[in-house]
Amino acid sequence: MAAEDLVERRSIDVVPDDERHGTAFSQFTLWLGANLQITAVVTGALAVVFGGDVVWSAAGLLLGNLLGGAVMALHSAQGPKLGLPQMIQSRAQFGVRGAIVPLLLVILMYVGFFASGSVLAGQATAELTHTSDTTGIIVFAVITAVTAAVGYRLIHALGRVAGVVCALAFVYLGIRLLDRVDLSALLGDAHFDLPMFLLAVSLSASWQLAFGPYVADYSRYLPRSTSGRATFWWTLSGSAVGSQWSMTFGVLVAASAGDAFLDNQVGYVVGLGGTGLIASFLYFVIALGKLTINVLNTYGGFMSLVTSVSGFRGQRTLSARGRTAYITLIMVAGTVVALLGKDTFLTSFKDFLLFLLTFFTPWSAINLVDYYLISRERYDIPALTDPDGRYGAWRWDALTVYGVGILAQLPFLVTHFYTGPLADPLGGADISWIVGLVVPAVLYWLLARRGNTVALRETTYEMP
């Protein structure tokens with residue numbers, strides 16, 4: 001393949017049929033590789049760190065991965081049908097300019113995930129290069145940005161390689177871990193605690209739902225004839241298997257290692273494998289896994305920035321220079337946050353995950369109800385770039401529902417810096433994400449059915 005064919009030219013514009021390629025199975029390999037990585041391990045460990053046992057933590061994480069993964073996979077199935085990046089579809093719900101409201105929060109998410117990934121990958125990169133963590137974070141960030149700039153084909157190739165390499169490494173690490181721990185004792189110490197169980201569910205559900213705002217970015221090049229059902233199941237399978245594998249490993253590590261893991265997550269995991277060349281290989285595996293997911297975050301952040309700006313400028317395409325500028329901006333912002341927060345990683349990351357969930361569950365609910373139940377998978381593609389067109393500049397009904405969906409969660413929210421008044425009567429359990437899915441979904445459906453939305457979207461619109 002020529003270099004000019006490898007570097008992606010598309011950004012927020014529709015992918016034409018003659019540029020479509022691949023099969024739905026590509027979603028499995030990409031999301032498997034993206035989830036077999038150290039931050040997913042830490043996410044699973046948090047369920048134990050904050051008080052859960054091994055059995056019910058693993059069960060709660062599995063439930064959250066399946067529920068959140070199903071929502072995320074429904075977004076993925078939109079990609080082949082529309083050929084558009086995920087967040088530009090939000091213009092059909094919120095308006096061409098109104099979509100900037102959830103977009104700004106999505107960009108914040110990308111920067112936060114870039115930063116959290118860079119902290120752990122920076123430690124691994126520092127060990128490989130024999131430099132400081134700060135230097136490791138910066139080196140890793142630059143490699144991430146370059147990969148994201150090349151684009152779609154390289155991202156999928158990276159996912160395939162990472163999926164195989166990281167799977168082999170996790171099998172090896174799992175065997176080493178089981179040699180060290182008394183598994184029967186850990187499994188025998190099961191005691192169901194509802195708040196801790198729901199914390200585990202929330203941690204993994206938020207992990208999955210956070211992929212929602214960009215998952216269709218990586219399925220939009222699939223041929224239009226690709227089955228939506230196949231896209232859904234391959235995406236869900238790859239993401240749920242990869243994340244549950246990593247998180248269960250994290251549960252066992254946290255339950256058996258205690259402070260040794262908390263003090264140095266990367267160092268402890270590598271130490272399980274051995275020293276010398278094996279340790280160097282495992283540091284490389286950690287950096288490779290984080291590179292896969294951080295590239296997704298950088299690419300998604302760049303897409304969201306372009307979508308935000310183009311809603312006001314009427315821009316439909318993007319030059320190579322503009323692409324580089326947007327990606328560099330995401331990289332710099334994420335790196336700064338990583339350097340500032342690297343010493344308080346665990347607590348900050350847990351709160352970051354749960355706080356993000358507050359903003360993205362209402363968006364997912366509105367987007368999915370509109371796409372599958374109201375518009376019936378049909379959008380007027382040209383109108384998505386016209387503020388004077390069918391979808392308007394601002395859709396205040398949808399924005400109001402979105403705001404109500406956020407506010408409805410606050411009484412049930414449990415984080416380090418804020419706990420809602422209804423959390424204590426529930427034993428400290430966090431069910432805010434369930435409220436955040438149900439309330440806006442019902443409200444948006446009722447408003448759309450009563451308004452003129454259906455009448456406006458009865459026609460099937462073909463892509464240009």
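**Entry 1: the largest cavity**

I looked up the lining of the largest cavity and counted 13 residues, with F170, L173, V269, V285 and I286 lying nearest its centre. I am working from a predicted model, and I keep that in mind throughout.

I asked which helices build this lining. α9 (152–180), α14 (265–273) and α15 (277–313) each supply at least two residues of it. Next I looked up the volume of this largest cavity, which is about 100 Å³.

Then I sorted the lining by class. Eleven of the residues are nonpolar and two are polar.

How many cavities of 30 Å³ or more does the whole structure hold? My search of the whole structure gave five. I had a general point in my notes: rolling a probe the size of a water molecule over the atoms shows where empty space is left.

I moved on to the second largest cavity, with a volume of about 60 Å³. I listed its lining: M109, F113, W207, A210, F211, Y214, I293 and N297.

By class, I counted seven nonpolar residues and one polar residue around the second largest cavity. Its lining has no charged residues.

**Entry 2: helix α19**

I turned to α19, which runs over residues 432–450 and has 19 residues. From first C-alpha to last, α19 reaches 27 Å. That is close to the 27 Å expected at 1.5 Å a residue.

Which residues of α19 are buried? I wrote down S432, W433, V435, G436, L437, P440, A441, Y444 and A448. I kept a general rule beside this list: an α-helix has 3.6 residues a turn, so residues three or four places apart point the same way. In α19, the buried residues include L437, A441 and Y444.

**Entry 3: the whole chain**

I stepped back to the protein chain. What does its secondary structure come to? I found 20 helices and zero strands.

I checked the extent next. Along its principal axes, the C-alpha trace spans about 65 × 60 × 40 Å. The radius of gyration is 21 Å, which agrees with a compact globule of 464 residues, because such a globule would have a value near 23 Å.

Of the 464 residues, 60% count as buried. Last, I looked up contacts between residues at least 6 apart in sequence. Among these, 87% join residues at least 24 apart.

How values were computed
Residues are numbered from 1 along each chain as its sequence is written. This is a predicted model: local features need pLDDT of at least 70, side-chain atom pairs count only at pLDDT 80 or more; totals for chains, interfaces and linings use all residues. Side-chain values use heavy atoms; hydrogens and water are left out. On a 1 Å grid over the protein atoms alone, a cavity is a set of points where a 1.4 Å probe fits but cannot get out, and a pocket is an open set with protein on both sides within 12 Å along at least five of seven lines; lining residues have an atom within 4 Å of a point. Grid points are joined across faces, edges and corners, and a volume is the space filled by probe spheres set on the points. Helices (H or I, at least four residues) and strands (E, at least two) are DSSP runs, numbered from the N terminus. Ala, Val, Leu, Ile, Met, Phe, Trp, Tyr, Cys and Pro count as nonpolar, Asp, Glu, Lys and Arg as charged, and the others, Gly among them, as polar. The expected span of a helix is 1.5 Å times one less than its number of residues. Buried means under 20% relative accessible area, exposed over 50%, partly exposed in between (1.4 Å probe, protein chains only). The radius of gyration is taken over C-alpha atoms; the globule rule is 2.2 Å times the number of residues to the power 0.38. Contact means heavy atoms within 4.5 Å.
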